[in-house]
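Please keep the coordinates open beside them.

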Amino acid sequence: MGLAGGPGQSQPVVLRDLQVTEAARLPTGLTEFDRVLGGGLVPGSAVLIGGDPGIGKSTLLLQTMGRLSAQRRVLYISGEESVGQVGLRAKRLSVDCGQVPVLAETAVERIAAVIEAHRPEVVVVDSIQTIYTELLSSAPGSVSQVRECAAQLVRLGKVTQMAVFLVGHVTKEGAIAGPRVLEHMVDTVLYFEGETGSRFRVMRAVKNRFGATGELGVFAMTEGGLKEVKSPSAIFLSHRSVQTPGSAVCVLREGSRPLLVEVQALVDETALANPRRVTVGMEANRLAMLLAVLHRHGGIATGGQDVFVNVVGGVRLSETAGDLAVVLAVLSSLCGRPLAHELVVFGELGLTGEVRPVPHGEERLREAAKHGFKRAIVPCHNAPKGGIAGMEIVQVKTLQEALAAFKG
Ligand code: TYD
Ligand code: MG
């Protein structure tokens, strides 16, 4: 972003008089990655990529740098692995590393010197937790080291208009500072996540000064590195077994596109005084609230039951549009009756038992129709006037009506 009144020019500027030109973004070559970044990489920006060890951060960035190196000067700084190790893995995964120079270095002062000499346009620091500065005596990975090194690299990036990727391992509480301590210092924070055992990886923007948050990119891990998944709905539903109780499909909106996801519930008699409410992919408090609404306004008690809810595929129900699916999945498990295989549901549940409309109803329904769903239970006002071809849409105003639609 070429801004007048940048650093070192301590003058107040009237925004209206400001000449702002947005610098061209660099496409990473992976459209899913570009989407999460808000439409490509912004020169001079600092991007933090957090994730569990082994999730695929290094591989993703090496692939990306390989692509970028065809047109840009790039530099990959590895503080964790030797140049040989990086090269071997790239070879094993037949990742095309293009013209990427790799530097194995952990002292931030020496890294800065190499950057000054080579002037890369994009640099990867993998990982920030291995980098240290001679200015501080604390160990690499400590909060003060991680913060100071990141600050130096981010500043260098801003001054030289170099985009900086900082890799941060998510750590269990312990000696090493996790990516959270850096979130406020960078422009964009991305988390790379995946379920253990699943080959799918989801990248999520939790902060982005240059784009929307909530944007989701989906990748598949293969023997040949990461591949982008352009139609994620299909994969999140692909392993759905036919007609089992406790499963409901809903349409979420992740960032700018609709996404079909399966919500699973298991309701089982409890052996405990305080029944368990365990969730993966949604807030446990939200579940507790929905169960209370189900009891009070639907007359269905789960007080003597353990309730487990899982959102399949490592997706998170960050939207209230998933409420209705959660409630119906719970009910379906409780009474051992599957929902129709071609049924999709979405809608927000209020404390008074009303079903509230959610944004972009028509778009959600179209996505469901595209994937072969024939029936939908949705909030009133969420269905388009002309309907959706090939889909029966049941509009409900209250939880009672939704339950009747499930039973009927
Ligand atoms: P790696 O990129 O090293 O993870 P991180 O940097 O997040 O710790 O990936 C971990 C391992 O997974 C590595 O041995 C390579 C393997 N892998 C694949 O086989 N295919 C893939 O598509 C990816 C991304 C990784
Ligand atoms: Mg790594």
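How exposed is Glu193, in terms of its relative accessible area?

1. In this predicted model, Glu193 is partly exposed, with a relative accessible area of 21%. Glu193 forms a salt bridge with Arg204, in which the closest N and O atoms are 3.2 Å apart. Because Arg204 lies in strand 7 (residues 200-208) and Glu193 in strand 6 (residues 188-193), the pair ties together parts that are eleven residues apart in sequence. Arg204 itself is buried, its relative accessible area being 6%.

2. A salt bridge also joins the side chains of Glu183 and Arg180, at 3.2 Å from N to O. Glu183 counts as buried at 15% relative accessibility, whereas Arg180 counts as exposed at 62%.

3. The side chains of Glu319 and Arg364 meet in a salt bridge of 2.8 Å, N to O. This pair links distant parts of the chain, 45 residues apart, with Glu319 in the loop between strand 13 (305-311) and helix 8, and Arg364 in helix 9 (residues 361-370). Glu319 counts as partly exposed at 21% relative accessibility, while Arg364, at 0%, counts as buried.

4. The structure holds 19 salt bridges, and those that share partners join Glu32, Arg35 and Arg257 into one network.

5. Helix 8 (residues 323-334) has twelve residues, which at 1.5 Å a residue should span 16 Å, and this agrees with the 17 Å between its end C-alpha atoms. Eleven of the twelve residues are buried, so helix 8 is largely enclosed by the rest of the structure; among them are Asp323, Leu328 and Ser333. Helix 8 is followed by Gly336, which has a positive phi near 65 degrees.

Conventions: Residues numbered from 1 in each chain as written. Chains lettered and ligands numbered in written order. Predicted model: local features only at pLDDT ≥ 70, side-chain atom pairs only at ≥ 80, totals over all residues. Heavy atoms only, no water. Helix = DSSP H or I, 4+ residues; strand = E, 2+ residues; numbered from the N terminus. Expected span 1.5 Å × (residues − 1). Buried < 20%, exposed > 50% of the residue type's maximum accessible area, 1.4 Å probe, protein only. Salt bridge = Lys/Arg side-chain N within 4 Å of Asp/Glu carboxyl O.
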